[in-house]
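Subject: Structure for your attention

Dear colleague,

Please find the structure below, handed over for your work.

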Amino acid sequence: LLLTSEEGSTSILPDLLALPAYIVLAIGVAGVAGVGRGERDDVDAVLDAVITALTVLSVVWVFVVVPFLDRGGSSTTFEILLVAYPVGSLLVLAMGARLMFGKGRHTAPAMLLCLLAIFALLVGDLAYAVTDGGVFEVPSSLQDVPYFLALVGYAVAVLHPTMAQIGVRRPSDEMAPTRTRLLAVALALCVSNVVLFVGVGWGDAVNRVALGVITMLLVAAAVVRMTRALREHAASQKRLAYQATH
């Protein structure tokens, strides 16, 4: 990927061709995850995916975007393009989390390969962002390795025999969320709180406003998620009580 240089000497044409690919990729992962099919676990899975994506966004904002913006001296076009790639990766990551958190789905090897490819893509974009933004120097010999892993991961996942199982639900639709899913969401909330606490004193008012918005979205998603979990638990208890007395 060729980001626009700070002097504007590099064409933005590669970026205009590369950035839409993130949207296409996100739509593809969302389709595999069954988004929009009206399944009962859609809301819970989406909320968990939102919490995960917002947590990663807070980390990227505090440790990548804010140091780059504080450095200054870059053109607006360069700043927008530099931030656009990690944001695109976060969009794909959110769809990947929706795929992983879908209740009652098969954890097929192809799914794990897709998730590995999504994570590698995010790492690659962050490596380029911190290097081109002057935040941290990543050796040029290593910058393309995550992209290579992402491309290989996607290719192997598509060709793997278990690819057809990713969007298939297990016979029981009443499966409770796995421990891995619960642990991932709990860890995401903990990490986000630490990052927000550390980063609230960094940067200017724009940084504080951005962190405030991220915090409010995280709290709202967590509250809605908890409310739904409590309601589902109450409904399950009521259903068990009815079955025991009839």
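A crossing of two helices is called left-handed if the near helix is turned anticlockwise from the far one by less than a right angle, and right-handed if clockwise. This term is used below for two helix pairs. Please note that the model is predicted.

Overall composition

The protein chain holds 8 helices and 0 strands, and its elements, read from the N terminus, follow the order α-α-α-α-α-α-α-α. Of the 246 residues in the protein chain, 39% are buried. Among contacts with a separation of 6 or more, 82% join residues 24 or more positions apart.

Helix α1

Helix α1 covers residues 13-33, and its 21 residues should span 30 Å at 1.5 Å a residue; the end C-alpha atoms lie 31 Å apart, which agrees. Its buried residues are Asp15, Ala18, Tyr22, Ala26, Val29, Ala30 and Ala33. Viewed down the axis of α1, these buried residues fall within an arc of 130°, so they line one face of the helix. The face turned away from this buried side carries the exposed residues Leu16, Leu17, Val24 and Ile27. The cover over the buried residues of α1 includes α3 (76-101) and α4 (109-132).

α3 and α4 pack at an angle of about 165°, and their axes are 9 Å apart. The two helices are therefore roughly antiparallel to each other, since an angle over 145 degrees counts as such. The crossing of α3 and α4 is left-handed. On the α3 side, the residues that meet α4 include Phe78, Leu82, Tyr85, Ser89, Val92, Leu93 and Gly96; on the α4 side, those that meet α3 include Met111, Leu115, Ile118, Leu121 and Leu122.

α4 also packs with helix α6 (residues 145-159), at an angle of about 160° and with the axes 8 Å apart. α4 and α6 are therefore roughly antiparallel to each other, and their crossing is left-handed. The residues making this contact include Ala110, Leu113, Cys114, Ala117, Ile118 and Leu121 of α4, together with Pro146, Tyr147, Leu149, Ala150, Gly153 and Tyr154 of α6.

Isoleucine 118

Isoleucine 118 has its place in helix α4 and is buried, with a relative accessible area of 2%. Not counting residues up to four places away in sequence, isoleucine 118 touches Val29, Val92, Leu93, Gly96 and Tyr154. Val29 is one of the buried residues of α1, Val92, Leu93 and Gly96 are among the α3 residues that meet α4, and Tyr154 is one of the α6 residues in contact with α4. Isoleucine 118 and serine 89 are 29 residues apart in sequence, while their C-alpha atoms are 7.5 Å apart in space.

Helix α8 runs over residues 205-245. Its 41 residues should span 60 Å at 1.5 Å a residue, and its end C-alpha atoms are 60 Å apart, which agrees. The buried residues of α8 are Asn207, Ala210, Leu211, Ile214, Leu218, Ala221 and Arg225.

Serine 192 is found in helix α7 (residues 179-199) and is buried, with a relative accessible area of 1%. Leaving aside neighbours within four places in sequence, serine 192 is in contact with Thr55, Ser58 and Leu218. Serine 192 and leucine 218 are 26 residues apart in sequence and 8.5 Å apart in space, C-alpha to C-alpha.

Yours sincerely

Key
Residues are numbered from 1 along each chain as its sequence is written. This is a predicted model: local features need pLDDT of at least 70, side-chain atom pairs count only at pLDDT 80 or more; totals for chains, interfaces and linings use all residues. Side-chain values use heavy atoms; hydrogens and water are left out. Helices (H or I, at least four residues) and strands (E, at least two) are DSSP runs, numbered from the N terminus. The expected span of a helix is 1.5 Å times one less than its number of residues. Buried means under 20% relative accessible area, exposed over 50%, partly exposed in between (1.4 Å probe, protein chains only). The arc is that of the directions from the helix axis to the C-beta atoms. Contact means heavy atoms within 4.5 Å. Axes are lines fitted to C-alpha atoms, for helices over the stretch in contact, and angles run from 0 to 180 degrees between N-to-C directions. Angles under 35 degrees count as roughly parallel, over 145 as roughly antiparallel, 65 to 115 as roughly perpendicular and the rest as oblique.
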